[in-house]
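Student: I would like to learn how to read contacts between side chains. Please take me through them one kind at a time.

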Amino acid sequence: MRGFWRAGSDSSYNRSVISSSAARSATMRNLNFGVLLRRWRAVRRISQLDLALDADISTRHLSCVETGRAQPSREMVLRLAEALQVPLRERNALLLAAGYAPLYRQTGLDAPEMQAARHAVDLLMEQQEPFPGIVVDRYWNTLRMNAGTRRFLGLFPGCDSMTPRNGIRLVFHPKGLRTFIENWESVAARLIQRVHREVAANPSDETMKCFLEELLSYPDVPYRWRCLDFDDTPPPFFTINYRWNNSTLRLFSTLTTFGTPQDVALQELRIESFFPADEATRAALTAA
């Protein structure tokens with residue numbers, strides 16, 4: 001949970017999250033490679049036969065690996081992870097569970113070797129002006145923001161002072177943007193389903209599970225949001241509507257990611273660009 005923002009008066013929201021996190025961490029230490037592999041196969045809804053074919057191994061050998069009767073080689077771990085399209089962070093977890101050192105680095109955006117990526121990010125942030133643009137990690141912590149984002153947050157008292165910033169937490173927290181969002185319940189429902197899907201797609205990510213529990217612990221969050229809604233049919237497009245100055249600012253966003261990254265942090269980095277959904281919002285943000 002390191003790096004997650006906490007307000008001193010809100011500690012009661014998170015006591016259950018902290019205790020459940022400790023319990024989950026103890027459980028994760030007992031998981032072996034076979035258990036994690038079966039989890040990933042279940043997440044991807046792939047049979048043993050299909051995975052064996054994709055990884056070019058026998059079904060019998062795969063069965064032995066899953067049950068712990070056979071120890072996979074480092075190459076085998078990577079081959080199975082590739083066939084299952086496991087994210088780089090989780091591939092490192094699979095390697096560790098099988099007794100091997102992690103392969104993929106996690107490099108900060110400010111590192112010298114990330115200069116080209118950093119230049120691309122800065123260029124996108126500049127081109128986004130005068131509209132908001134942010135760079136976030138896999139937990140929606142804000143790593144960078146352009147001047148348009150700072151101006152936008154400045155329109156809503158108190159919201160520009162929260163540190164460290166986290167986009168989804170800013171929507172859910174009572175002291176964040178929540179009171180300024182007209183369609184809060186609709187927006188928050190979409191966001192919580194997105195976090196649910198991240199948890200389902202990354203079964204060994206305990207931090208993501210704790211983040212989900214934190215969001216669900218905030219006041220007035222409906223109990224029905226505790227489950228992933230498989231029947232939900234979201235609209236193809238929706239906006240966040242902000243109350244401001246006796247008017248409404250309507251924005252939508254797009255996400256940009258890097259193609260074929262070989263670094264954990266770079267694979268998880270997302271650039272979110274916000275655009276006005278109507279001419280009145282465009283004029284207001286341009287004037288601001």
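The dialogue below goes through charged pairs, aromatic pairs and charges over rings.

Tutor: This is a predicted model, in which local features need pLDDT of at least 70 and side-chain atom pairs count only at pLDDT 80 or more, while totals for chains, interfaces and linings use all residues. Residues are numbered from 1 along each chain as its sequence is written, and side-chain values use heavy atoms, with hydrogens and water left out.

Student: How many salt bridges does the structure hold?

Tutor: Side chains of opposite charge can pair when their charged atoms come close. The term salt bridge is used for a side-chain nitrogen of Lys or Arg within 4 Å of a carboxyl oxygen of Asp or Glu. The structure holds 17 of them. One of them joins R79 and E75, at 3.4 Å from N to O.

Student: Where do R79 and E75 lie?

Tutor: Both are in helix 5 (residues 74-83), 4 residues apart, which is about one turn of the helix. Helices (H or I, at least four residues) and strands (E, at least two) are DSSP runs, numbered from the N terminus.

Student: Which parts of the chain does the salt bridge between E185 and R224 link?

Tutor: The closest N and O atoms of E185 and R224 are 2.8 Å apart. This pair links distant parts of the chain: E185 is in helix 10 (residues 184-201), and R224 is in the loop between helix 11 (206-217) and strand 3 (240-244), 39 residues away. Salt bridges can also join up, as in the network that links R89, R138, D205 and E268.

Student: What aromatic pair do F152 and F156 form, and are the two residues buried or exposed?

Tutor: Rings of Phe, Tyr and Trp (its six-membered ring) pair if their centres lie within 6.5 Å; planes under 30 degrees apart count as stacked, over 60 as edge-to-face and the rest as tilted. A search of the whole structure finds 9 aromatic pairs. F152 and F156 are edge-to-face, with 5.1 Å between centres and 65° between planes. Buried means under 20% relative accessible area, exposed over 50%, and partly exposed in between (1.4 Å probe, protein chains only). F152 is buried at 7%, and F156 is buried at 0%.

Student: Which residues form one aromatic cluster with F156?

Tutor: The cluster consists of F152, F156, F180 and Y242.

Student: Where does the charged end of R178 sit?

Tutor: A charge sits over a ring if NZ of Lys or CZ of Arg is within 6 Å of the ring centre and within 35 degrees of the ring normal. The charged end of R178 sits over the ring of W184, 4.0 Å from its centre.
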